[in-house]
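Work through each task before reading its solution.

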Amino acid sequence: PEPAIAHALPDTDDITIGDVTLSRALWTILCDEADQHLATLEHELTILQFDPHAVPRSPMIRASHTLCGIHRTGGFPLVASTAKGLEQTLISLEQRGAPLPGTAQPVLARAIAGLALLVGRIKAEHPFAHQDADEANAIQKELDELRLEAASEVEDAEGVALDVARRDEDAAAAAVAVAPEPVADVEAAPVVELPVRDTMTLHA
């Protein structure tokens, strides 16, 4: 019998999560950065919860933006789309201003917790389950509703401002229309000098 030939498997330093394969170095960077940005989101959420006059700040919006970018690059669109929805909603809330809608904090808290769950799957090298996708879709729906609510209020405020400006312009135009026209200067008639009568002729 022919001797058995041992086929040595090549040593690889790649990590496969579901249908995504990436190098361990890239996976480590992805996980480390995700942890940092999640910590920022959680910290900023705490500020919103305890300060009724607070609105989403730049670090919070930046963290969600970067979470979207690095997971899109890494090949995890479920995380990327959830983070993108969060970013868009935070921008709308920032533009709306304080106080935030009553639904804002629970919706944002659920979105951040959902992102932490998805990132945890990646860190554990586990593929996403069906319930993960369902939760992400539910989060996205809530974020969309909150974003549209905030955007409509911004549009309403802008519409009121435009109406006020338009009324001011109409009032100014009406004032100009009823103003009396200036009276044209009447040209003075020329002075005609009569000739001086010759008194000597009258006595002749």
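**Exercise 1.** Classify Asp 35 by its relative accessible area, then find its salt-bridge partner.

Solution. Asp 35 has a relative accessible area of 31%, so it is partly exposed; the classes are buried under 20%, exposed over 50% and partly exposed in between, with a 1.4 Å probe and protein chains only. Before going on, note that this is a predicted model, in which local features need pLDDT of at least 70 and side-chain atom pairs count only at pLDDT 80 or more, while totals for chains, interfaces and linings use all residues. Residues are numbered from 1 along each chain as its sequence is written, and side-chain values use heavy atoms, with hydrogens and water left out.

The partner is Lys 123, at 3.1 Å from N to O. A salt bridge is a side-chain nitrogen of Lys or Arg within 4 Å of a carboxyl oxygen of Asp or Glu. This pair joins distant parts of the chain, 88 residues apart: Lys 123 lies in helix H4 and Asp 35 in helix H1 (residues 24–50). Helices (H or I, at least four residues) and strands (E, at least two) are DSSP runs, numbered from the N terminus. Lys 123 is partly exposed too, at 37%.

**Exercise 2.** Find the salt-bridge partners of Glu 135 and Asp 132, and place each pair in the chain.

Solution. The search of the whole structure gives eight salt bridges.
- Glu 135 meets Arg 110 at 2.9 Å, N to O. The two are 25 residues apart, with Glu 135 in helix H5 and Arg 110 in helix H4. Glu 135 is partly exposed at 26%, and Arg 110 is partly exposed at 29%.
- Asp 132 pairs with Arg 121, whose closest N and O atoms are 2.7 Å apart. Arg 121 is in helix H4 and Asp 132 in helix H5, 11 residues apart. Arg 121 is partly exposed at 25%, whereas Asp 132 is buried at 2%.

A network of salt bridges links Arg 110, Glu 135 and Glu 142.

**Exercise 3.** Which residues line the largest cavity, and how do they divide by type?

Solution. A cavity is a set of points on a 1 Å grid over the protein atoms alone where a 1.4 Å probe fits but cannot get out; lining residues have an atom within 4 Å of a point. Grid points are joined across faces, edges and corners, and the volume is the space filled by probe spheres set on the points. The count is one cavity of 30 Å³ or more, and the largest has a volume of about 30 Å³. Its lining consists of Gly 114, Leu 115, Leu 117, Leu 118, Asp 132, Glu 135, Ala 136 and Ile 139. Helix H4 (104–123) and helix H5 (130–178) are the elements that give two or more residues to this lining. By type, five residues are nonpolar, one is polar and two are charged; Ala, Val, Leu, Ile, Met, Phe, Trp, Tyr, Cys and Pro count as nonpolar, Asp, Glu, Lys and Arg as charged, and the others, Gly among them, as polar.

**Exercise 4.** Which members of the largest nonpolar core touch the most other members?

Solution. Such a core is a set of buried Ala, Val, Leu, Ile, Met, Phe, Trp, Tyr and Cys residues joined through side-chain atoms within 4.5 Å. The largest one has 42 residues, and those touching the most other members are Leu 41, Leu 67, Phe 76, Leu 86, Leu 108, Leu 115 and Ile 122. H4 supplies the largest share, nine residues.

Terms used
1 Å grid on protein atoms, 1.4 Å probe; cavity = no way out; pocket = protein on both sides within 12 Å on 5 of 7 lines; lining within 4 Å.
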